Amino acid sequence: MRKVRTLRGQITASGGKAEKQLILNDQLINRGLRVTGFFVWPTRASTSQTQNITAILSYAQLGSADIEMNAGDNTQFGWAFQAQAAEAPPQVYASSGFFNQLIDPDHIINRDLFVSLRSSTDRTYNYLVVCELMELTDNEAIITIVKENSQSLE
């Protein structure tokens, strides 16, 4: 039986940036979460305002740096984004969720999880992270920790 967990809340961009830690390391390395959905949307949809959203799920803090969505960075594994001019109506894509989302299917979180905003319009956004609970062997847990630290497995 699949066990689904959701993490949801709000995050506020200031100066185009924000960061929030969603999961703390609980030292239970044999339990993990696989993210299956990542959704970010404004608290109020408006066609009269320009809004840009760039959200990143990562194993580590991005800090105050101007870090972009980077699939080459192993600490990043989920991205949600939208750019909307004030004249264009908001787009909702039923097939992939709200706005645009990309999730690396080959990852498991067993320590820390962060959601970060970069180059986003200053306002408050909602987020929803959908996860599947996983039981890990000792070997799987070690490999996951190595991947979290951006070390190559090759």
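The structure is a predicted model, in which local features need pLDDT of at least 70 and side-chain atom pairs count only at pLDDT 80 or more, whereas totals for chains, interfaces and linings use all residues. Residues are numbered from 1 along each chain as its sequence is written, and side-chain values use heavy atoms, with hydrogens and water left out.

The protein has 10 strands and one helix. Read from the N terminus, the order is β-β-β-β-β-β-β-β-β-β-α. Of the 154 residues in the protein, 39% are buried; buried stands for under 20% relative accessible area, exposed for over 50%, and partly exposed for values in between, with a 1.4 Å probe and protein chains only. Among contacts (heavy atoms within 4.5 Å) with a separation of 6 or more, 81% are between residues 24 or more positions apart.

Three strands form an open, antiparallel sheet in the order E1-E10-E3; two strands are taken to pair if DSSP finds at least two bridges between them. E1 and E3 stand at the edges with a single partner strand each, so one side of each has no neighbour in the sheet. From one strand to the next, the twist averages 20°, based on axes that are lines fitted to C-alpha atoms (for helices over the stretch in contact), with angles from 0 to 180 degrees between N-to-C directions.

On one side, strand E1 (residues 4-12) is joined to E10 by nine bridges, and the two run antiparallel. Thr6 has Val130 as its bridge partner in E10, and Thr12 stands opposite Thr124 in E10. Strand E10 (residues 124-135) is mostly covered, with nine of its 12 residues buried.

Val130 illustrates the position of E10 in this arrangement. This residue lies in strand E10 and is buried, because its relative accessibility is 16%. Beyond residues up to four places away in sequence, Val130 touches Val4, Arg5 and Thr6, and also Arg34, Val35, Thr36, Gly37 and Phe39. Val130 and Val35 are 95 residues apart along the chain, yet their C-alpha atoms are separated by 5.8 Å.

What does the interior of the protein contain? In soluble globular proteins, nonpolar side chains tend to be buried together. The largest nonpolar core here has 24 residues, and those with the most contacts inside it are Phe38, Val40, Leu57 and Val129. Such a core is a set of buried Ala, Val, Leu, Ile, Met, Phe, Trp, Tyr and Cys residues joined through side-chain atoms within 4.5 Å. At least two residues of this core come from each of strand E2 (18-23), E3, E4, E5, strand E9 (113-117) and E10. E10 gives the most, with five residues.

Phe38 lies in strand E3 and is buried, with a relative accessible area of 0%. Leaving aside residues up to four places away in sequence, its contacts include Leu57, Trp79, Ile103, Val115 and Val129.

Ser58 is placed in strand E4 and counts as buried, because its relative accessibility is 0%. A polar atom of the Ser58 side chain lies 2.6 Å from the backbone oxygen of Ala60. Apart from neighbours within four places in sequence, Ser58 is in contact with Thr75, Gln76, Phe77, Asp112, Leu113 and Phe114.

The structure holds one aromatic pair. Tyr59 and Phe77 form this tilted pair, 4.8 Å centre to centre with 35° between the planes. Rings of Phe, Tyr and Trp (its six-membered ring) pair if their centres lie within 6.5 Å; planes under 30 degrees apart are stacked, over 60 edge-to-face, and the rest tilted. The pair links distant parts of the chain, 18 residues apart: Tyr59 is in the loop between strand E4 (51-58) and strand E5 (76-84), and Phe77 is in strand E5. Both partners are buried, Tyr59 with a relative accessible area of 7% and Phe77 with one of 1%.

Terms used. Helices (H or I, at least four residues) and strands (E, at least two) are DSSP runs, numbered from the N terminus. A polar contact is a pair of N or O atoms within 3.5 Å; within protein, one must be able to donate a hydrogen and the other to accept it, and residues adjacent in sequence count only if both atoms are side-chain atoms.
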